[in-house]
Amino acid sequence: MHPDDPDLSEMREKLRLEKGVMYWRLSESFKARLWNERRSVKELEASLIETQKRAVLVKQARVGMPANTGAFANRVGAMRTRMDQLQGRLNA
């Protein structure tokens, strides 16, 4: 085809119009898409903050737990001895 061919000129005009329509559609929907994306970012930020708060709570709970269950077992043993003494007094 020759650059001055009328068919080629017609195709260029159709392409120009299609590009214009596509740009117009993108431009028209931009504000709505931007609003949706901003809303999604706010929701993600809220989820992130909640997750960080929960992570801190889990960390605090882990720190508060005895690292060695032997200490806990000793406390239970002492309580069992005391309960046995109280039970003996109650029976008497």
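Author: Lys and Arg count as positive and Asp and Glu as negative, with His and the chain ends not counted, and each charge is placed at NZ of Lys, CZ of Arg, CG of Asp or CD of Glu. By that count the chain carries 18 positive and 12 negative charges, whose mean positions lie 22 Å apart. The model is predicted, so local features need pLDDT of at least 70 and side-chain atom pairs pLDDT 80 or more, whereas totals for chains, interfaces and linings use all residues. Residues are numbered from 1 along each chain as its sequence is written, and side-chain values use heavy atoms, with hydrogens and water left out.

Reader: What secondary structure does the chain have?
Author: The chain has 2 helices and 0 strands, where helices (H or I, at least four residues) and strands (E, at least two) are DSSP runs numbered from the N terminus. Helix α1 covers residues 6-64, and helix α2 covers residues 69-91.

Reader: What span is expected of helix α2, and what span does it reach?
Author: With 23 residues, helix α2 reaches 32 Å from its first C-alpha to its last, close to the 33 Å expected, the expectation being 1.5 Å times one less than the number of residues.

Reader: Why is K14 called exposed?
Author: K14 has 52% relative accessibility and therefore counts as exposed, since the class begins over 50%, with buried under 20% and partly exposed in between (1.4 Å probe, protein chains only). R54, at 54%, is exposed by that rule. A71 in helix α2 is called partly exposed because its relative accessible area is 44%, and L17 in helix α1 is partly exposed at 47%.

Reader: How many residues of helix α2 are buried, and what share of the chain is?
Author: The count of buried residues in α2 is 0 among its 23 residues, and the helix is hardly covered. Over the 92 residues of the chain, 2% count as buried.

Reader: What makes the contact of K14 and E10 a salt bridge?
Author: Their side chains meet at 3.7 Å, N to O, and the definition asks for a side-chain nitrogen of Lys or Arg within 4 Å of a carboxyl oxygen of Asp or Glu, so the pair qualifies. Both residues lie in helix α1, 4 residues apart, about one turn of the helix; E10 is partly exposed, with a relative accessible area of 45%.

Reader: How many salt bridges does a search of the whole structure find?
Author: The search finds 3. R16 and E13 are 3 residues apart in helix α1, while E50 and R54 are 4 residues apart in helix α1.
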